[in-house]
Amino acid sequence: NSVSVSNNDYNAYDVELDEKVGFGLGLEAEFILPFFQNKWSLVLEPTFYQKYEPNTTRSTYGSENGPLLIDLEYQSFELPIGIRHYFYLNDNSSIFLTGATIIDMASGEFTYRNYANEVVNSDELDSQINFSLGVGYRYNKFQAEIKYFTNRDLMRSRLSFDANYKNLSFILGYTLF
């Protein structure tokens, strides 16, 4: 996960935050469609906990007294809704492609502090719908998937700010039913 922030009005707020490895926990419900040889399915995959908190970062710009310090705390509940197509290799294994629309319910805060650790600007995060594309492999009840997510603006309500959240996931799964 990573975030880049830019401000159209004042470039002192522009910053690339650290890439961080995070963990999420989710469930997946899959409804295999009873046509086209059971190769298509609908997927619902709520992700209950996702967190991104990079280390405090210094902006490349700053005031006359030094660079601004940036803190970000981002947590989300995601609701991906999508479709999946299987390429069956044999009775036990298959390769699949997944595409989904993601509804994100975000919480968190983005804070700029000056050299004296005083808050210069602080904003609540909100998010928008984005998309994901994944490719995976299933063997019996086990599966692994790599999923790419399109950029998500975490400060969509602020016209002058863009906070683009980028995410690439590696997902391991086990089929219960």
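Is Ser169 buried or exposed, and what is its relative accessible area?

Reply: The model is predicted, so local features need pLDDT of at least 70 and side-chain atom pairs count only at pLDDT 80 or more, while totals for chains, interfaces and linings use all residues. Residues are numbered from 1 along each chain as its sequence is written, and side-chain values use heavy atoms, with hydrogens and water left out.

Ser169 is buried, because its relative accessible area is 17%. Buried means under 20% relative accessible area, exposed means over 50%, and partly exposed lies in between, with a 1.4 Å probe and protein chains only. Ser169 belongs to strand E13, residues 161-174. Strands (E, at least two residues) and helices (H or I, at least four) are DSSP runs numbered from the N terminus. When neighbours within four places in sequence are set aside, Ser169 is in contact with Glu145, Ile146, Lys147 and Phe149; contact means heavy atoms within 4.5 Å.

The aromatic residues may be considered next. Rings of Phe, Tyr and Trp (its six-membered ring) pair if their centres lie within 6.5 Å; planes under 30 degrees apart count as stacked, over 60 as edge-to-face and the rest as tilted. By this rule there are 6 aromatic pairs. Tyr86 and Tyr88 form a stacked pair, because their ring centres are 5.7 Å apart and their planes stand at 10 degrees. Tyr86 is buried, with a relative accessible area of 2%, whereas Tyr88 is partly exposed at 41%. Ring pairs join Tyr86, Tyr88 and Phe96 into a cluster. Arg138 lies over the face of Phe96, 5.8 Å from the ring centre. A charge sits over a ring if NZ of Lys or CZ of Arg is within 6 Å of the ring centre and within 35 degrees of the ring normal.

Finally, a loop deserves attention. Most residues other than glycine have a negative phi. Gln37, however, has a positive phi near 60 degrees, and phi of Asn38 is likewise positive and near 60 degrees. Gln37 is found in the loop between strand E4 (29-32) and E5, and Asn38 is placed in the loop between E4 and E5. Gln37 is exposed, with a relative accessible area of 65%, while Asn38 is partly exposed, at 38%.
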